[in-house]
Amino acid sequence: YPTATTDQFGKVLGTAGEAYRLALAFGGRDGNGSLHNDVQQLYAMRNTPVVTSEFTLVSQSPQAREGHSIVFQPRGDPLSDRMLLFGGRDSSASGTSFYDDVWELKRNDNRYEWTWRRMAPDTTTNGRPSARWGHSAVFVPQDTSMVVYGGREQPGSVTNDVWKLFL
């Protein structure tokens with residue numbers, strides 16, 4: 001199997017499903033402990049090794065982070081070929097930042113370029129989840145939403161709440 005260009009841990013992987021055989025990985029740390037905000041794509045074709053590569057981003061990426069969640073909207077949906085990212089943290093020598101932001105990474109028309117866009121989920125009914133890391137998330141195709149569960153909030157408290165973000 002091919003390996004990434006550097007040792008990495010804490011990356012979060014979102015998969016597009018078996019039919020598409022594409023996964024995208026974002027964030028995490030390298031072997032020196034530095035946080036990253038790069039994206040790597042992994043292709044797994046039947047009876048062949050996994051192929052990893054970086055690809056062209058034509059926009060500003062979210063801040064480097066770890067402990068975030070990623071869901072991939074399955075291909076064939078009206079807003080196909082997109083990955084959604086929520087939350088996470090950046091802990092460094094200067095302190096720790098916790099995030100409650102939502103980002104979309106969407107494939108452009110030429111299929112080789114991707115664009116990040118900060119999302120504004122509809123929070124008029126139930127508000128929004130607090131900034132957190134170490135949570136879980138799933139994509140709900142019936143209403144194009146992302147369900148976020150649990151995690152750790154800023155002072156280190158653990159939460160067991162559930163939020164639905166309509167995107």
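This report describes the strands, cores and selected residues of one predicted protein model.

## Overall architecture

The chain contains zero helices and 14 strands. Followed along the sequence, its pattern is β-β-β-β-β-β-β-β-β-β-β-β-β-β.

The chain has 167 residues, and 41% of them count as buried. Among contacts with a separation of 6 or more, 47% join residues 24 or more positions apart.

Strands of a sheet pair through backbone hydrogen bonds, and the pairing is either parallel or antiparallel. Here, three strands form an open sheet in the order 12-13-14, with antiparallel pairing. Strand 12 (136-140) and strand 14 (158-166) are the edge strands, as each pairs on one side only. On average, neighbouring strands of this sheet are turned by 10° against each other, when direction is ignored.

Two pairings hold this arrangement. Strand 12 pairs with strand 13 (residues 145-152) in the antiparallel sense over five bridges; within this pairing, Val138 has Val147 of strand 13 as its bridge partner. Strand 13 and strand 14 also pair in the antiparallel sense, over seven bridges. Ser145 stands opposite Phe166, which belongs to strand 14.

## Loops and the end of strand 12

Which residue in the loop between strand 12 and strand 13 deserves attention? Thr144 is placed in that loop. Its phi is near 50°, a positive value in a residue other than glycine. Thr144 counts as partly exposed because its relative accessibility is 23%, and the range for this class lies between 20% and 50%. In the hairpin of strand 13 and strand 14, five residues lie between the strands, and Gly156 takes a positive phi near 105°.

Val140 lies in strand 12. Not counting residues up to four places away in sequence, Val140 touches Ser145 and Val147. Val140 and Lys164 are 24 residues apart along the chain, and their C-alpha atoms are separated by 9.3 Å.

In soluble globular proteins, nonpolar side chains tend to be buried together. In this model, the largest nonpolar core has 13 residues, and those touching the most other members are Leu24, Phe26, Met83, Leu105 and Trp116. At least two residues of this core come from each of strand 3 (22-26), strand 8 (69-73), strand 9 (82-92), strand 10 (95-107) and strand 11 (113-118). Strand 3 supplies the largest share, three residues.

Which residues does Met83 contact, leaving aside its neighbours within four places in sequence? Met83 is in contact with Leu24, Phe26, Ile70, Val71, Phe72, Trp103, Glu104, Leu105 and Trp116. There is also a second, separate core of 10 residues, including Leu84, Met146, Val148 and Leu165.

## Asp101, a buried residue in a strand

Asp101 is found in strand 10. Is Asp101 buried or exposed? Asp101 counts as buried because its relative accessibility is 3%, and the cut-off for this class is under 20%.

The side chain of Asp101 makes a polar contact with the side chain of Trp103, at 2.8 Å.

## Gly27, a buried residue in a loop

Gly27 lies in the loop between strand 3 and strand 4 (29-30). With 2% relative accessibility, Gly27 therefore counts as buried.

Leaving aside its neighbours within four places in sequence, Gly27 is in contact with Gly10, Lys11, His36, Asp38, Arg65 and His68. Gly27 and Gln8 are 19 residues apart in sequence, and the distance between them in space is 9.3 Å, C-alpha to C-alpha.

Note on methods: Residues are numbered from 1 along each chain as its sequence is written. This is a predicted model: local features need pLDDT of at least 70, side-chain atom pairs count only at pLDDT 80 or more; totals for chains, interfaces and linings use all residues. Side-chain values use heavy atoms; hydrogens and water are left out. Helices (H or I, at least four residues) and strands (E, at least two) are DSSP runs, numbered from the N terminus. Buried means under 20% relative accessible area, exposed over 50%, partly exposed in between (1.4 Å probe, protein chains only). Contact means heavy atoms within 4.5 Å. Two strands pair if DSSP finds at least two bridges between them. Axes are lines fitted to C-alpha atoms, for helices over the stretch in contact, and angles run from 0 to 180 degrees between N-to-C directions. A nonpolar core is a set of buried Ala, Val, Leu, Ile, Met, Phe, Trp, Tyr and Cys residues joined through side-chain atoms within 4.5 Å. A polar contact is a pair of N or O atoms within 3.5 Å; within protein, one must be able to donate a hydrogen and the other to accept it, and residues adjacent in sequence count only if both atoms are side-chain atoms.
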